[in-house]
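Dear colleague,

I am passing on the structure below, and would ask you to look through it before reading my notes, which follow directly after it.

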Amino acid sequence: MKDHMRFVQRRIEDETRDLLKKETEERVAESDLDPDRDSEILARIGAWALRRTLPSEVLGALKGFSASGNHALLLSNLPRPEAPPTPVHGFADEGPLAVTNALHLGLIRLLGLTPYAVGYENRGRLIRNVVPNPEATGTASSWGSDSEFFWHTDNPHLPFGGPDVNPRPYVPRYLTFCVARNVEEVPTEVMALETALDRIPEKTLRVLAAPVFEIAAPESNDLADDGARRFHGRTAVLELDGDDGPRARYDRGTTRGRDEAADAALDTWAAALATVPCRRPVLRPGHFLIFDNYRVVHRRDAFEPAPDDQARWLRRCYAS
Ligand SMILES: [Fe+2]
């Protein structure tokens, strides 16, 4: 079976990593830079240090990523600043994370993208701490751990966006991750949408591309003002003729068919996803991952978290 995933991977040389760390540390200095208040300053420092140190081939891969048709890009052996204890309740003192934040926002800048947050999730903060939050036990959420988080795209209840618009009302185009720790070695699984589509009969594809589904917001979203879960009441799971190829909005836990044929198509789709080849990178400190949330579905298994202060901790930022 063909794996359509176009996954760019680059490893930074040790010497480059050490120079990048030194240059970034010197520039963030002792100042208390916050990624929400000071995102511009952090991005400028990070982008400057990255441009000065990374080889031109890696800079080119970053710059060309969004127009390349590639699904994902993974950089490894970036600086690994010492991380404070994992903020398992979701929010961290961002001051000690300035080097990580400068590199994260600097990389998003070199990708030619804009980082953003939405008001109804993560208290409107730019960086989401993906941690095993004890309050999210039993939920399929970026704050969960004990439940399997089946294949999904993030915020699938929103419409698809386009270039050069305010990204907030739309499905986030890209998810980016830096890594504070992952001693549990939990893989972040990613699959190219086209690989899954190869397994779906034509008739089912037509149903999945019809507006016969209700898709609700994930558990990470706040409820709407009327106390109800936000949802898209009449939409398609697949859009097969987008400008950049097919795209999907899907989360098994929050997607329902509006009739029997739609539910049957969803069952076929979920069964196919469970058997299709995927990539399973174990994200570690020094890694940076970006993938296209319109053309990639992602998941993770349930896992047993390490003790709170050493538990898995990824740093996610939406970008468009
Ligand atoms: Fe997700």
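**Overall picture**

Of the 320 residues in the protein chain, which is a predicted model, buried residues make up 46%. The chain contains 7 helices and 15 strands, and because its radius of gyration is 19 Å, close to the 20 Å that the globule rule gives for 320 residues, it is as compact as a globular protein of that length. Along its principal axes, the C-alpha trace spans about 60 × 40 × 35 Å.

Helix α1, covering residues 14-28, and helix α4, covering residues 98-110, have axes that come within 9 Å and cross at roughly 110°. As an angle of 65 to 115 degrees counts as roughly perpendicular, α1 and α4 are therefore roughly perpendicular to each other. Their crossing is right-handed. On the side of α1 the contact is made by T24, E25 and V28, while α4 contributes A98, V99, A102 and L103. Sorted by class, the contact of α1 with α4 has 5 nonpolar residues, together with 1 polar and 1 charged.

Definitions and conventions:
Residues are numbered from 1 along each chain as its sequence is written. This is a predicted model: local features need pLDDT of at least 70, side-chain atom pairs count only at pLDDT 80 or more; totals for chains, interfaces and linings use all residues. Axes are lines fitted to C-alpha atoms, for helices over the stretch in contact, and angles run from 0 to 180 degrees between N-to-C directions. Helices (H or I, at least four residues) and strands (E, at least two) are DSSP runs, numbered from the N terminus. Angles under 35 degrees count as roughly parallel, over 145 as roughly antiparallel, 65 to 115 as roughly perpendicular and the rest as oblique. A crossing is left-handed if the near helix is turned anticlockwise from the far one by less than a right angle, and right-handed if clockwise. Two residues are in contact if their C-beta atoms, placed from the backbone, lie within 7 Å. Ala, Val, Leu, Ile, Met, Phe, Trp, Tyr, Cys and Pro count as nonpolar, Asp, Glu, Lys and Arg as charged, and the others, Gly among them, as polar. The radius of gyration is taken over C-alpha atoms; the globule rule is 2.2 Å times the number of residues to the power 0.38. A residue is buried if 20 or more other C-beta atoms lie within 10 Å of its own, exposed if 12 or fewer, and partly exposed in between; C-beta atoms are placed from the backbone.
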